[in-house]
Amino acid sequence: MTEVYCSTGTLTFKDWNFIMDGKPLRIFSGTMHYFRVVPAYWRDRFRKMRACGLNTVETYVPWNLHEEYPGEFNYSGILDVGEFIRQAGEEGLFVIFRPGPYICAEWDWGGMPSWLLKDPDIKVRSNYPPYVEAVRRFYNDLIPRITDLQRSNGGPIIAVQVENEFGSYSTEVDHLHTIREVGQEVMTFQDALPTANFPSMEDGSKLFRMIREWSPEFPLMVMEFWPGWFDHWGQPHKGLDIPAFEACLSGVLDAGGSFNMYMFHGGTNFGFMAGANYFEGSHYKPDVTSYDYDAPLSEAGDITPKYMRAREIILEKGLKPQGITSLPEIPPNLPKKAYGKIAVSQYLDFRTILSLMTPITSTEPALMENLDYHQGYGQCFGYILYQAEIQAGTELSFTDIPKDRAQVFVNGEEKAVLDWLSTDKKINLGQISGRNKGIVIVNNYNLGRYWKVWPTRTLYIPAPLLKQGQNEHESCGTLNFLDAPLLGEKVVTKEVDSACYPTESV
């Protein structure tokens, strides 16, 4: 690196150290996404972070939920990012703010809104003018809401990320400069700092050497230290074993580094927000509703053995050298309740639901985002039913296999399912297919998807979503309320994302 910039922001660096208020600062951070945890539990999670020795929380920002349709912004309830940041500061945590606009995060389309696809020429994550203008509108609404929460204004935000994982997508470096300039129009931050992502010191040592070769000034920062991994439908529940986890955490601290543990608390992919992964030469891999991540705090925010080991290591190797010899008491786990089996006595059947809908007529199937709906911007999430009259025949043929999943109904009765692993494009209209996949809605809140395939067998219901007395739920059959999750038998490995994907349809 021929030129190294000088840090002049509130958070600066010198001689491999971060500097805050004229003193060295080592960042011990954990990721928790406000949009994956109900607001009533934010403080509980913050306090457990502090009790583990962390001094910072990191979060992404999901553009697709904050601006579901162009110019229509939402920051209420679970999307109140400003309140999330304020509470973090009140609980003694700094904040690393990652506003995307692309966030990955195993989130639907990486957090980008579907209406961008209404433009047939759209080139996302580039300097394509309509895309840049859409980002500018979003930032112009988002950033003023958190400007006063920057460290320079007395708030807890100490660092901001520009874009996300861009090098694995594009080499258009000019776009990074554009995103930075758009952000700087409404927010104060300086140039970017090189950081590393890794789950083991075998990779980490190489990346740390690279950063040191670039400059003797740059601090060593692991922006994403993965203590576990996320799950895909049809794969085992994944986990990083504790010896591998503690070896990496110890290695980072022994090297004098700072870290952000992604995830420290994963939470839940509520609604239709669980994304999917696809890499060249691999299968389409849909993500499950649980974002437990085998993280130090479980999906329900409970203390795990990994949490306890992290606490011991951070105290011994990270805090005691700074003269800090004790940590706050660990808050108790929140109570769980097994209500047992509850029969659903009233529900709307498929035909009744269809009778309540206003159909859209089209001469050919339209993509979800191209439907003549919501000022022409289509539908962002959920299901689309394509309906046509067929006069005769016993076999239905498709021109291609679906990219994800399609259910086929004849006269309201499910006859077949085609998915990305199907090999036959033909369907016998006389067969009957079982119902085994769907969503559960409780008191108008979509808990997320369920599916008969492994690993996940349960959906998490945070207590604040329930109420005393009668609760409304949309599903049929019997619901069984347990006091512990069924995430599947854990395959504990020394490397993340090592599980294979099924080669037959599920």
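**Entry 1: a hairpin**

I began with strand 16 and strand 17, which form a hairpin with 2 residues between them. In the turn, Asn411 has a positive phi of about 55 degrees. I note that the model is predicted. Strand 16 covers residues 405–410 and strand 17 covers residues 413–419, and the two pair in the antiparallel sense over 6 bridges.

I then followed one pairing. Strand 6 (residues 94–98) runs parallel to strand 7 and is joined to it by 3 bridges. Ile96 stands opposite Ala159 in strand 7.

**Entry 2: helix 1**

I checked how many of the 10 residues of helix 1 are buried. The count is 7, so I describe helix 1 (residues 42–51) as mostly covered. The buried residues are Trp42, Asp44, Arg45, Phe46, Lys48, Met49 and Ala51. What do the buried residues of helix 1 pack against? They pack against strand 4 (28–31), strand 5 (56–60), helix 3 (81–90) and helix 8 (305–319). Just after helix 1, Gly53 takes a positive phi of about 100 degrees.

**Entry 3: Cys248**

I located Cys248 in helix 7 (residues 242–254). Is Cys248 buried or exposed? Its relative accessibility is 1%, so Cys248 counts as buried; the cut-off for buried is under 20%. Leaving aside residues up to four places away in sequence, Cys248 touches Phe198, Pro199, Ser200, Met201 and Phe225. I also looked up Thr195, which is 53 residues from Cys248 along the chain; their C-alpha atoms are separated by 16 Å.

**Entry 4: a surface patch**

I found a nonpolar surface patch of about 410 Å², made by Leu348, Ile353, Leu356 and Met357. Ile353 sits in helix 9 (residues 350–355). Ile353 counts as partly exposed because its relative accessibility is 34%.

**Entry 5: backbone exceptions**

Most residues other than glycine have a negative phi, and most peptide bonds are trans. I listed some exceptions.

A cis peptide bond joins Gly100 and Pro101, with omega about 15 degrees. Pro101 is in the loop between strand 6 and helix 4 (129–142). Cys104 is in the loop between strand 6 and helix 4 too. Cys104 is not a glycine, yet its phi is positive, about 60 degrees. Cys104 is buried because its relative accessible area is 16%.

Another cis peptide bond joins Trp454 and Pro455, with omega about 10 degrees. Pro455 lies in the loop between strand 20 (445–451) and strand 21 (473–474).

Asn444 is found in the loop between strand 19 (437–442) and strand 20. Asn444 has a positive phi of about 70 degrees, although it is not a glycine. Its relative accessibility is 65%, so Asn444 counts as exposed.

Note on methods
Residues numbered from 1 in each chain as written. Predicted model: local features only at pLDDT ≥ 70, side-chain atom pairs only at ≥ 80, totals over all residues. Heavy atoms only, no water. Helix = DSSP H or I, 4+ residues; strand = E, 2+ residues; numbered from the N terminus. Buried < 20%, exposed > 50% of the residue type's maximum accessible area, 1.4 Å probe, protein only. Contact = heavy atoms within 4.5 Å. Patch = residues over 30% accessible without salt bridge, like charges linked within 9 Å, V, L, I, M, F, W, Y side chains within 5 Å. Areas by Shrake-Rupley, 256 points an atom, 1.4 Å probe, with all protein chains shown as cover. Salt bridge = Lys/Arg side-chain N within 4 Å of Asp/Glu carboxyl O. Pairing = 2+ DSSP bridges.
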